[in-house]
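Student: I would like to go through a chain and ask what each label rests on. Please set values against definitions as we go.

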Amino acid sequence: MQEKELAYIAKNYPTPCFIFDLEEVTQRVKKMREIVGGEYHLCYSIKANPFLIPTMEKITDKLEVCSPGELSICKQLHVQPTKILYSGVNKTAVDVEDAMAYGVIHYTAESLLHMDIVNQVAANHHKKVEILPRLNAGSQFGMSKEDLFSIYANEEKYPNLIVKGIHYFAGTQRKKSDKQVKELDMLVELIKEIQTTFNRKVEQIEYGPGLSVPLFEGEDFSDTLKPLENVQEKLKELSQVVDLTIEMGRFYATSCGTYLTRAMDCKSNEGVNYCIVDGGMNHLNYYGQMMGMKIPHIQHLHTSQNTEDKKWCLCGSLCTTADVLVREVNLQGLTPGDYLAFNNCGAYSVTEGIHLFLSRTMPMILLRTAENEYTVARSMQESYPINTIQN
């Protein structure tokens with residue numbers, strides 16, 4: 001964001017706060033559509049940032065929902081149930097009942113147990129719903145190839161399910177495209193094997209490529225869509241044999257977010273300059289950042305004429321030595337009252353941080369529109385009631 005806009009926000013709204021630029025994420029998805037060329041569909045994993053849901057519902061084809069709470073958010077926002085893919089590693093009959101009562105017709109299955117649960121709830125509703133068994137990719141998620149094949153071999157066990165294909169997601173922030181290329185080749189071969197073994201067409205693949213985005217100094221920000229371009233031909237190849245959807249969160253949302261925090265205290269101890277800000281690691285959580293050893297892109301808004309260049313350790317307001325946002329960064333004239341804007345935090349930070357620690361006030365959330373207007377999506381919110389014994 002431009003410093004003039006950040007200065008306006010600092011003057012008119014309390015800090016710490018998140019600003020999510022809806023126009024930026026809209027333009028990013030538009031550019032992705034141009035790369036994709038209509039060959040396959042786009043799905044947004046709302047866990048990356050639920051405050052983008054109304055925008056992403058309009059500009060992507062599906063929304064992945066992974067928990068009862070996320071479904072409740074979608075219900076509150078009147079998201080079309082037919083656009084929801086109900087996923088998640090721990091589905092209960094109650095969860096599926098809630099989703100089905102809302103009108104959700106697309107599900108994933110992490111295990112044979114999930115197949116049984118969704119089938120039974122669908123039977124109770126006298127419905128048939130679509131399901132994508134999730135193939136394990138070497139972690140606790142999904143089912144084995146043997147279990148997947150047992151589903152195709154015994155589809156009559158699930159009379160209320162329409163097995164549409166396969167769900168596959170291996171990880172996130174994977175910087176080498178050869179991993180995605182190998183996975184896409186594997187999925188093509190798996191489709192052929194299923195069709196040959198069971199004389200059964202695989203209709204859909206929901207694939208999470210885990211494309212990476214730059215976050216820290218020293219990384220390449222020149223073309224943040226390059227990871228998609230690198231695997232486009234392979235994705236197109238897969239889309240020729242199956243109805244393909246790629247599912248992502250971080251890749252869409254990261255660049256649209258800014259975290260604005262105020263310098264509250266500046267001091268030196270044993271040769272180290274410390275700046276305490278009014279936010280902290282309870283709000284700001286970059287992927288892969290360990291004890292502030294990496295430096296994200298920071299904009300410094302001055303409130304004084306001080307020009308002294310120093311190395312600073314930027315720390316938050318939590319009473320723990322772990323609350324280090326950046327271990328060492330050069331800043332010119334940093335003074336209490338200045339503002340620091342941390343960029344590229346549109347994914348996960350807003351929900352991933354330890355917001356309840358020390359019962360500090362949760363930050364305001366602003367949404368920026370194409371008209372440079374700001375909407376308060378959430379006011380400053382006290383966390384202490386959640387940490388208080390209820391009478």
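**Labels and their grounds**

Student: Why is proline 363 called buried?
Tutor: Proline 363 has 0% relative accessibility, so it counts as buried. Buried means under 20% relative accessible area, exposed means over 50%, and partly exposed lies in between (1.4 Å probe, protein chains only). The model is predicted: local features need pLDDT of at least 70, side-chain atom pairs count only at pLDDT 80 or more, and totals for chains, interfaces and linings use all residues. Residues are numbered from 1 along each chain as its sequence is written, and side-chain values use heavy atoms, with hydrogens and water left out.

Student: Where does proline 363 lie, and which residues does it touch?
Tutor: Proline 363 is in the loop between α11 (349-352) and β17 (364-368). Helices (H or I, at least four residues) and strands (E, at least two) are DSSP runs, numbered from the N terminus. Leaving aside residues up to four places away in sequence, proline 363 touches Pro16, Cys17, Phe18, His283, His355, Arg378, Ser379 and Met380. A contact means heavy atoms within 4.5 Å. Tyrosine 286 is 77 residues from proline 363 in sequence and 17 Å from it in space, C-alpha to C-alpha.

Student: What makes the peptide bond from threonine 15 to proline 16 cis or trans?
Tutor: Omega of that bond is near 0°, and the bond is cis. Proline 16 sits in the loop between α1 (3-12) and β1 (17-21).

Student: Isoleucine 9 is in helix α1. How do you know whether it is buried or exposed?
Tutor: Isoleucine 9 has 0% relative accessibility, so it counts as buried. Among residues beyond four places away in sequence, it touches Met1, Cys17, Ile19, Leu260, Leu366 and Tyr374. Isoleucine 73 is 64 residues away from isoleucine 9 in sequence and 27 Å away in space, C-alpha to C-alpha.

Student: Why is serine 359 called partly exposed?
Tutor: The relative accessible area of serine 359 is 28%, so it is partly exposed. This serine is in the loop between α11 and β17, and its phi is near 55°, a positive value in a residue other than glycine.

Student: In helix α7 (residues 145-153), Leu148, Phe149, Ile151 and Tyr152 are buried. How do you know how these residues are arranged around the axis?
Tutor: Seen down the axis of α7, the buried residues fall within an arc of 150°, so they line one face of the helix. The arc is that of the directions from the helix axis to the C-beta atoms. Those residues pack against α6 (112-124), β6 (129-133), β7 (161-163), β8 (165-169) and α8 (177-198).

Student: Which residues of helix α4 (residues 68-76) are buried, and what is their arc?
Tutor: Glu70, Leu71 and Cys74 are the buried residues of α4. Viewed down the axis of α4, they fall within an arc of 100°, so they line one face of the helix. Their cover includes α3 (53-59), β3 (62-65), β4 (84-86) and α5 (93-102). Just after α4, histidine 78 takes a positive phi of about 60°.

Student: How do you know whether the radius of gyration agrees with a compact globule?
Tutor: For 391 residues, a compact globule would have a radius of gyration near 21 Å; the chain has 23 Å, which agrees. The radius is taken over C-alpha atoms, and the globule rule is 2.2 Å times the number of residues to the power 0.38.

Student: How many helices and strands does the chain have, and what share of its residues is buried?
Tutor: The chain has 11 helices and 18 strands, and 51% of its 391 residues count as buried. Of contacts between residues at least 6 apart in sequence, 69% join residues at least 24 apart.
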